[in-house]
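Hello,

Here is the structure I promised to pass on. Please open it alongside this message; my notes follow below.

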Amino acid sequence: MNPVGKIRMSTTTKMVLDALLATDRTYGLEICQQAGLATGTVHPILARLEGAGWVASEWEDLDPHAAGRPPRRYYRLTPAGAQAATRALATSPAPHPVRRTATSMVLP
């Protein structure tokens, strides 16, 4: 098994890893929808994960004119990436974001 590189484990990275662990293979927009994140957030994370060996990707073989849509790029965790993701999520639970409202910032 090939070793995987280190990844900074931000909350958004954990959300993407969680989405990837939920399925064998998925494309970018599905990951965005499942994680509840924008494409501008998800795709750089996927690129970092792929560069570190956690994720592999491939373009679907599709005739865009016949399908009426562009080809999708599918992502899957590598075997080493799946193990690393499982370990990372188990040892580093996602923090609960603190939502600040105008009333919570008022001093007594």
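**The aromatic pair**

There is one aromatic pair in the structure. Keep in mind that this is a predicted model.

The pair is formed by Tyr27 and Tyr74, with ring centres 5.7 Å apart. Their planes meet at 75°, over the 60 degrees required, so the arrangement is edge-to-face.

Where do the two rings sit? Tyr27 belongs to strand β1 (residues 26-27), and Tyr74 to strand β3 (residues 73-77). The pair therefore ties together parts that are 47 residues apart in sequence.

Are these tyrosines buried or exposed? Tyr27 has 15% relative accessibility, so Tyr27 counts as buried. Tyr74 is buried too, with a relative accessible area of 12%.

**Arginines over the rings**

Arg25 lies over the face of Tyr74, 3.8 Å from the ring centre. Over the ring of Tyr27 sits the charged end of Arg72, at 4.1 Å from the centre.

**Glu60**

Arg72 and Tyr74 turn up again here, as contacts of Glu60. Glu60 is in the loop between β2 (55-59) and α4 (64-67). Its relative accessible area is 18%; the limit for buried is under 20%, so Glu60 is buried. Leaving aside residues up to four places away in sequence, Glu60 touches Arg69, Pro70, Pro71, Arg72 and Tyr74.

**Helix packing**

Next, a helix pair. Helix α1 (residues 11-21) packs against helix α3 (residues 39-51). The angle is about 75°, and the axes are 10 Å apart. Angles of 65 to 115 degrees count as roughly perpendicular, so that is the label for α1 and α3.

Which residues make the contact? From α1 come Thr12, Thr13, Val16, Leu17 and Leu20. From α3 come Thr41, Val42, Ile45, Leu46 and Leu49.

**The chain as a whole**

The protein chain has five helices and three strands. Along the sequence, the pattern reads α-β-α-α-β-α-β-α.

Of the 108 residues in the protein chain, 30% are buried. Take the contacts with a separation of 6 or more: 59% of them join residues 24 or more positions apart.

If you look at one spot, start with Tyr74. Tyr74 pairs with Tyr27, has Arg25 over its face and is touched by Glu60.

Best wishes

Conventions
Residues numbered from 1 in each chain as written. Predicted model: local features only at pLDDT ≥ 70, side-chain atom pairs only at ≥ 80, totals over all residues. Heavy atoms only, no water. Phe/Tyr/Trp six-rings, centres within 6.5 Å; stacked < 30°, edge-to-face > 60°. Helix = DSSP H or I, 4+ residues; strand = E, 2+ residues; numbered from the N terminus. Buried < 20%, exposed > 50% of the residue type's maximum accessible area, 1.4 Å probe, protein only. Lys NZ or Arg CZ within 6 Å of the ring centre and 35° of its normal. Contact = heavy atoms within 4.5 Å. Axes fitted to C-alpha atoms, helices over the stretch in contact; angles between N-to-C directions. Parallel < 35°, antiparallel > 145°, perpendicular 65-115°, else oblique.
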